[in-house]
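Here are some notes to read beside the structure, written for someone meeting it for the first time.

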Amino acid sequence: MANWFNISCKKATYLISKKQEEGSLTIGEKLQLFIHLFICDVCKLFKVQTNYILKNIHQHHHTETLTVAAKEKINVVVKEEIIKTQ
Ligand SMILES: [Zn+2]
């Protein structure tokens with residue numbers, strides 16, 4: 001039972017990533033991660049940093065769009081390239 005609570009940093013970072021990608025962990029995994037984060041500052045920092053990165057990726061993804069002019073420009077270039085290859 002003592003070993004069950006004592007997970008490695010490798011397992012902890014895997015669980016942090018799994019939670020961020022899949023959105024949930026089992027109760028056992030949550031408990032293991034909670035205990036590990038309580039004693040390990042390095043993994044705590046990893047969690048904070050990956051949360052920050054993910055948050056910024058999502059914000060960037062949702063706010064950045066091409067302008068109509070940029071889309072038209074891309075369309076023209078693509079059509080020119082298609083014509084060149086024919
Ligand atoms: Zn750790």
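**Notes on the fold**

1. Let's begin with the overall layout. Read from one end of the sequence to the other, the chain follows the pattern α-α-α-α-α. Its radius of gyration is 22 Å, well over the 12 Å that the globule rule gives for 86 residues, so the chain is more spread out than a compact globule. In all, the secondary structure comes to 5 helices and 0 strands.

2. Please keep in mind that this is a predicted model. The mean pLDDT of the chain is 88, and 93% of its residues reach 70 or more. Among the elements, helix H3 (residues 27–39) has the highest mean pLDDT, 95, while helix H1 (residues 2–5) has the lowest, 73.

3. Now for the outline. Along the principal axes, the C-alpha atoms of the chain fill a box of roughly 70 × 25 × 20 Å. Of the 86 residues, 8% count as buried. Among contacts with a separation of 6 or more, 57% are between residues 24 or more positions apart.

4. Which residues make up the largest nonpolar core? The core has 5 residues in all: Ala12, Leu15, Ile16, Leu33 and Cys43. Helix H2 (residues 9–22) gives the largest share of this core, 3 residues. From Leu15, contacts beyond its neighbours within four places in sequence go to Leu25, Glu29, Gln32 and Leu33.

5. H2 deserves a look of its own. At 1.5 Å a residue, its 14 residues should span 20 Å, and the end C-alpha atoms are 19 Å apart, which agrees. The buried residues of H2 are Ala12, Leu15 and Ile16. These residues cover an arc of only 100 degrees around the axis, which puts them on the same side of H2. On the face of H2 turned away from the buried side you will find the exposed residues Lys10, Glu21 and Glu22. After H2 comes Gly23, whose phi is positive, near 85 degrees.

6. Beyond its neighbours within four places in sequence, Phe46 is in contact with Thr13 and Ile16. Although Phe46 and Ile16 are 30 residues apart along the chain, their C-alpha atoms are separated by 8.5 Å.

7. Finally, is helix H5 (residues 68–85) largely in the open or buried? Of the 18 residues of H5, the number buried is 0, so H5 lies largely in the open. The length of H5 also fits expectation: at 1.5 Å a residue its 18 residues should span 26 Å, and the end C-alpha atoms are 26 Å apart, which agrees.

Methods:
Residues are numbered from 1 along each chain as its sequence is written. This is a predicted model: local features need pLDDT of at least 70, side-chain atom pairs count only at pLDDT 80 or more; totals for chains, interfaces and linings use all residues. A nonpolar core is a set of buried Ala, Val, Leu, Ile, Met, Phe, Trp, Tyr and Cys residues joined through C-beta atoms within 7 Å. A residue is buried if 20 or more other C-beta atoms lie within 10 Å of its own, exposed if 12 or fewer, and partly exposed in between; C-beta atoms are placed from the backbone. Helices (H or I, at least four residues) and strands (E, at least two) are DSSP runs, numbered from the N terminus. Two residues are in contact if their C-beta atoms, placed from the backbone, lie within 7 Å. The radius of gyration is taken over C-alpha atoms; the globule rule is 2.2 Å times the number of residues to the power 0.38. The expected span of a helix is 1.5 Å times one less than its number of residues. The arc is that of the directions from the helix axis to the C-beta atoms. pLDDT is the predictor's confidence in each residue, from 0 to 100.
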